2 protein chains.
Amino acid sequence: MRENVTLSDVAREAGVSPSTVSRVINGTARVDARKREAVLRAIERLGYRPNLMAKGLAQGRSLTVGVVTQEISSPYYGEMLKGVEQALEGTPYHPIFASGHWRADQEEAALKVLVGRQVDGLIVMDGSVPAERLLELAQSMPVVVVGRDIPGLCCLSIDNLQGAYEGTRHLIELGHRRIAHIAGPQSHLDAVERLRGYKRALEEAGLPFDPALVVEGDYLEPSGLLAVEALLTRGALFTAIFAANDQMAYGANVALYRRGIRVPHDVSLVGFDDLPSSSYFTPPLTTVRQPGLEMGWEAARLVLALLEGGEYNPKPLAARLVIRESTALLRSSGVRWVHPD
Amino acid sequence: MRENVTLSDVAREAGVSPSTVSRVINGTARVDARKREAVLRAIERLGYRPNLMAKGLAQGRSLTVGVVTQEISSPYYGEMLKGVEQALEGTPYHPIFASGHWRADQEEAALKVLVGRQVDGLIVMDGSVPAERLLELAQSMPVVVVGRDIPGLCCLSIDNLQGAYEGTRHLIELGHRRIAHIAGPQSHLDAVERLRGYKRALEEAGLPFDPALVVEGDYLEPSGLLAVEALLTRGALFTAIFAANDQMAYGANVALYRRGIRVPHDVSLVGFDDLPSSSYFTPPLTTVRQPGLEMGWEAARLVLALLEGGEYNPKPLAARLVIRESTALLRSSGVRWVHPD
DNA sequence: AAGGTTCTTGACAGCGCTTTCAAAATCTGT
DNA sequence: ACAGATTTTGAAAGCGCTGTCAAGAACCTT
């Protein structure tokens with residue numbers, strides 16, 4: 001097992017030409033059975049492993065697909081990445097990740113890194129790179145976008161408005177009339193869609209929209225906590241909260257816990273995403289499930305299809321309400337309004 | 001902005017030789033100021049981006065470091081990966097990930113993929129690839145191992161025994177005498193160390209070790225839930241639980257919640273890891289913090305150092321108890337033993 | 001101004017693999 | 001057994017870049 005066994009070493013060992021070795025490895029052409037055997041044995045004996053970089057250079061492709069996420073450690077992206085990884089398993093392709101950290105400039109940097117590494121295809125998750133930039137990239141390689149809708153590009157996203165609508169609607173059906181909303185950053189399309197879904201459900205139920213009941217967060221836990229604090233100190237009256245994602249719902253829950261406000265006894269809480277940990281939350285969180293793993297999977301199958309020039313119709317992905325234990329009927333016996341201190 | 005601008009294109013455009021272009025790009029030798037300018041302008045004008053695969057082939061290195069995790073979507077590894085990513089930022093290296101899914105064969109497959117992609121260095125997190133295999137790999141490239149101790153290799157790990165000892169100790173100091181332990185899979189060294197830490201704390205306090213109080217889980221939430229169920233149905237008496245990781249603590253908490261057993265009022269709970277979500281758990285979880293991000297960071301700095309042939313003394317990383325709200329003094333007024341139904 | 005140094009530069013040979021292309025080997029049919 | 005059709009095979013030219021090497025330019029020195 002020497003240092004760097006190359007294809008030529010194998011060729012010499014097997015007594016054939018490098019071309020032949022290449023052919024048996026890739027199955028690109030018929031090769032006499034005896035020679036094939038000899039080659040395989042030589043490969044075995046030498047412990048040969050093809051150099052993918054050389055192969056990539058020669059073929060003009062790298063057998064990698066670039067994935068731009070916002071934050072690799074976020075549980076939400078974690079699921080998607082896992083989906084991508086799974087979908088690519090068994091194919092010659094391998095994912096390579098880069099994070100945009102929710103900032104357009106960092107996203108652009110991530111794209112540059114991936115392009116420089118000659119990725120053959122690209123999956124872009126959320127983010128705020130200009131659409132034109134993505135369209136430009138799409139001219140030279142397959143690009144699929146998750147979580148945004150860009151005309152002219154393969155996009156994969158759920159109906160955020162519909163999901164938020166259902167989450168809010170669930171609360172209304174439980175009898176809640178004053179429902180607070182912890183919104184996501186309004187610079188993100190999905191966040192504004194969720195806010196719209198919330199409004200629509202209210203409207204349809206004939207409930208007034210009260211701006212004092214919505215606070216904007218940044219999709220991270222602390223902002224959920226802060227949002228509830230804000231709501232409480234400004235004296236807002238509410239019996240339920242619809243958070244634009246699970247992480248903010250977690251934060252909200254802690255704030256409520258600190259005030260001795262019990263979920264769902266005093267206040268019902270619904271999130272959005274259904275992170276893996278949400279079913280182990282206490283109480284298990286009612287939430288609008290966003291199929292992260294499936295989205296990652298479908299995105300990857302899609303680039304693969306584009307790469308091979310084939311067709312692939314991604315399964316429609318829908319947000320779906322998952323009712324667990326953080327929501328309950330509004331207590332009939334007189335509403336106990338939550339108030340500051 | 002043409003399709004594939006190569007270095008020679010730039011050379012032609014700037015009226016110099018390819019070598020010169022290479023030199024100004026890499027700063028490998030002095031170049032006349034005027035020519036340098038011309039080259040830079042040409043690069044700009046043509047929108048040239050170096051092909052890293054070609055560069056890699058020519059230099060015999062890929063500028064990538066391979067990272068073997070067990071599960072890319074796990075919050076614990078998420079933190080470590082983020083650390084690696086951060087540490088590599090600004091260097092010419094980029095991480096490339098592959099998951100072992102807690103199975104030796106898959107880990108081996110992951111290693112093969114990474115080696116085939118010519119990674120220049122390797123970070124292996126936990127797992128059960130045989131030590132000899134890693135030693136063998138270490139002969140041809142820098143290898144750093146996180147979470148295991150392998151003589152002859154750069155290893156990074158915390159003192160699991162000490163951490164578990166402190167977690168258990170904390171419970172004892174709060175007055176608890178009957179402390180259950182949800183252990184990790186005993187096939188993993190860290191899990192057995194944590195069990196040992198638990199035992200040592202007990203022993204030191206003169207408390208008996210009761211095998212009926214320990215249940216083995218698999219580090220995932222459901223197993224924590226099941227463990228508590230098991231404990232409860234077998235009639236075990238306990239006032240506190242020390243779980244070998246946070247995820248199992250989450251599961252345990254749900255099981256307790258379902259039975260109407262309140263944390264920390266009735267039972268105190270401590271976890272291990274301090275996942276990002278643990279401080280937003282309800283109640284915020286007391287846990288033994290394992291500095292995932294720092295571990296990832298240090299591991300990456302370490303391979304970098306090995307790669308450059310430099311020296312790097314990683315900061316010592318210690319597990320440290322983080323006291324939050326899931327643990328409380330044993331209620332003095334008569335212990336209310338928890339029992340099945 | 002000539003000889004000696006030191007810099008700057010371009011030609012060229014790879015890195016390990018793929019992929020024509022045409023020669024060599026094998027197989028047809030008669 | 002032989003011309004012709006059909007494989008199977010190896011030589012060779014890249015893929016885009018780096019790095020050695022020796023030639024040429026620029027600088028000294030006396």
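**Exercise 1.** Find which residues are the closest to DNA strand C, and which elements supply its surroundings.

*Solution.* Start with the count: 28 residues surround DNA strand C, where a residue is near a strand if its C-beta atom, placed from the backbone, lies within 6 Å of it. The closest are Leu7(A), Ser22(A), Ser17(B), Arg30(B) and Asp32(B). (Helices are DSSP runs of H or I with at least four residues, numbered from the N terminus.)

A note on the model: it is predicted, so local features need pLDDT of at least 70 and side-chain atom pairs count only at pLDDT 80 or more, while totals for chains, interfaces and linings use all residues. Residues are numbered from 1 along each chain as its sequence is written, and chains are lettered from A and ligands numbered from 1 in the order in which they are written.

**Exercise 2.** Now turn to DNA strand D and list the closest residues.

*Solution.* Among the 28 residues that surround DNA strand D, the closest are Ser17(A), Arg30(A), Asp32(A), Leu7(B) and Ser22(B). In both chains, α2 (18-26) and α4 (52-59) each supply at least two residues of this surface.

**Exercise 3.** Work out how chain B is related to chain A.

*Solution.* First, superpose chain B on chain A: a rotation of 180° with 0.0 Å of shift along its axis does it, with RMSD 0.0 Å (least squares on the C-alpha atoms of residues with pLDDT of at least 70 in both). That is the relation of a two-fold axis.
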